[in-house]
Amino acid sequence: MTAPASLLLAHRTIRQFPRNPILLGFSFAPVLMMFLVFGALFEGVTRLPGFPTDNYYEYLAPTAVLLTTVPGIGNAAVALASDFHSRYVYKLLTSPISAGSVILGRLLGDSVRLIAQAVAVLALAIALGAHVETGIPGAIVMILLGTALGIVTFGVLTANLALRTGDPAAVQAILPMAYLLIFLTSAYQQPEQIDSPVMRTIVDANPAEHVLRPMRELMLTGYDWGHIGIAVAVLAALALIGIPLTIRNYRTIYR
Amino acid sequence: MLDELEHVLDDLLARAGGASRLTGDAIVADDLGKTYPDGTEAVRGVTLRVRAGECYGLLGPNGAGKSTTVGMLGTLVRPTAGRALVAGFDVMAQPREVRRRIGFAMQDVGVDAFATARELLVLQGRLHGVSRAEAAARARLLLELVDLADVAGQRLAGFSGGMQRRVDLASALIHLPPIVFLDEPTEGLDPRARTAIWDALDQLRRSLGVTVVLTTHYMDEADRLCDRLGIIDRGTVVTEGTPAKLKASVGSASLEDVYLHYTGRAFAAGDTDLREAA
């Protein structure tokens with residue numbers, strides 16, 4: 001029952017999107033603005049020796065994918081908290097489904113939105129002259145890595161916050177933190193161009209950096225299976241921490 | 001109105017042909033209790049039996065433990081003491097089996113504001129394993145039953161509280177459950193809507209043989225709908241019986257006098273000595 005219930009609830013989530021154009025618009029507009037503004041502002045970086053491309057949008061595109069998927073998954077938790085706040089979640093739980101399928105359905109539905117938005121970001125980059133070195137298969141891997149990072153980092157964090165508080169405003173308040181996770185990477189310049197040793201240490205320790213690196217390689221140079229393996233391992237480790245924590249918080253649903 | 005209801009219920013009855021009906025005890029609760037982690041004792045030792053096809057009312061003021069009791073029987077609140085069987089299944093050990101056999105209309109109605117009334121009912125039916133076509137057909141009939149057929153395609157965000165409550169009631173019936181829990185089903189409704197729900201419940205019970213457990217603090221509602229009543233006060237059932245028997249036991253024609261007699265104080269709907277939880 002769990003898998004079909006998750007799919008039914010994912011369908012419910014997807015059906016909500018066109019009925020909530022503000023969510024669609026305002027969850028995506030900042031990404032597009034940052035992509036276009038930063039792309040124009042930092043264009044000169046491409047002239048630095050050793051920079052891997054002469055089109056900065058090409059360098060920035062994987063970052064824009066992360067800017068779509070990581071903060072964007074937080075909207076799933078806002079919606080989840082809204083379901084708690086309105087008590088609709090308890091209506092769902094009077095049916096013979098697991099509490100997990102309520103959350104999984106929400107994440108699946110929002111993942112569809114994020115993937116569609118990430119495809120739109122890549123399409124914009126291509127329209128601005130960027131080129132995906134690994135083609136469509138590489139683009140798919142890039143988007144899947146970005147979506148998975150969103151789910152296991154900010155998705156888990158905000159879902160747990162939603163479960164603990166049931167307060168959409170509390171979840172919304174934490175959404176800007178997602179940008180910090182991405183800004184503390186080599187999102188805008190290559191790691192070797194970061195002057196501050198402290199910042200380089202932070203960037204190296206940031207799990208998002210280990211996912212962004214192979215994403216950028218897929219865009220610029222090709223498949224580096226070693227780096228892809230590290231990214232998958234980082235994602236798996238984060239999932240191993242986040243999923244039990246979330247399961248523990250499921251129990252608070254039944255009082 | 002009643003003729004229309006009969007027609008709708010006939011259709012529903014035809015659709016419920018294969019649905020399992022209960023015999024014997026639909027609900028058995030033995031010394032059921034709930035104490036919250038902060039020490040609040042919401043329910044202390046509720047023992048009751050509800051026979052199949054019966055309408056059993058839990059009557060008491062706000063905070064008496066009515067909602068917590070039906071929350072435990074409906075698997076939404078975990079008991080901390082005692083045991084309960086619903087449709088023969090243990091609410092703690094077999095919650096999904098219980099949920100397959102119950103409908104639950106809540107005191108605090110929660111709806112999906114972005115969904116239409118029809119979509120909400122169909123989803124609830126699908127989550128109960130009803131096919132899409134069948135769920136759509138039942139949704140149409142049930143929305144007729146609660147007099148909302150005209151607004152079936154409208155989003156719930158624009159519905160009044162009373163309309164949302166009727167949608168919630170209809171959604172509790174979408175899988176044609178043998179047992180229905182109704183937590184203050186007519187709270188906040190205008191007299192016309194209350195009467196419509198009472199008629200619908202009467203007809204449902206007569207046509208489908210549904211077992212109903214309802215909580216209320218409306219004496220007239222309890223008197224009109226319930227075969228038997230349990231008066232609940234400070235987390236425990238202090239007496240139970242048919243409305244007529246209870247009234248006879250205190251020599252009065254009023255359930256308020258019954259309440260006064262068995263609890264030692266006048267009925268006050270705002271009484272909140274114990275926390276109302278669910």
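B:Ser254 caps the N-terminal end of α10(B), a side-chain oxygen lying 3.0 Å from the backbone nitrogen of B:Glu256. The model is predicted, so local features need pLDDT of at least 70 and side-chain atom pairs pLDDT 80 or more, while totals for chains, interfaces and linings use all residues. Residues are numbered from 1 along each chain as its sequence is written, chains are lettered from A in the order in which they are written, and side-chain values use heavy atoms, without hydrogens and water.

Helix α10(B) spans residues 255-263; helices are DSSP runs of H or I with at least four residues, and strands are runs of E with at least two, numbered from the N terminus. B:Leu255, B:Val258, B:Tyr259 and B:Thr263 are buried in this helix (under 20% relative accessible area, 1.4 Å probe, protein chains only). Seen down the axis of α10(B), these buried residues fall within an arc of 105°, so they line one face of the helix. Just after α10(B), B:Gly264 takes a positive phi of about 80°.

Turning to the lining of the largest pocket, α3(A) gives the most, with seven residues. By class, this lining has eight nonpolar, six polar and five charged residues (Ala, Val, Leu, Ile, Met, Phe, Trp, Tyr, Cys and Pro count as nonpolar, Asp, Glu, Lys and Arg as charged, and the others, Gly among them, as polar).

Note on methods: Buried < 20%, exposed > 50% of the residue type's maximum accessible area, 1.4 Å probe, protein only. Arc of directions from axis to C-beta. Polar contact = N/O pair within 3.5 Å; in protein donor to acceptor, adjacent residues only side chain to side chain.
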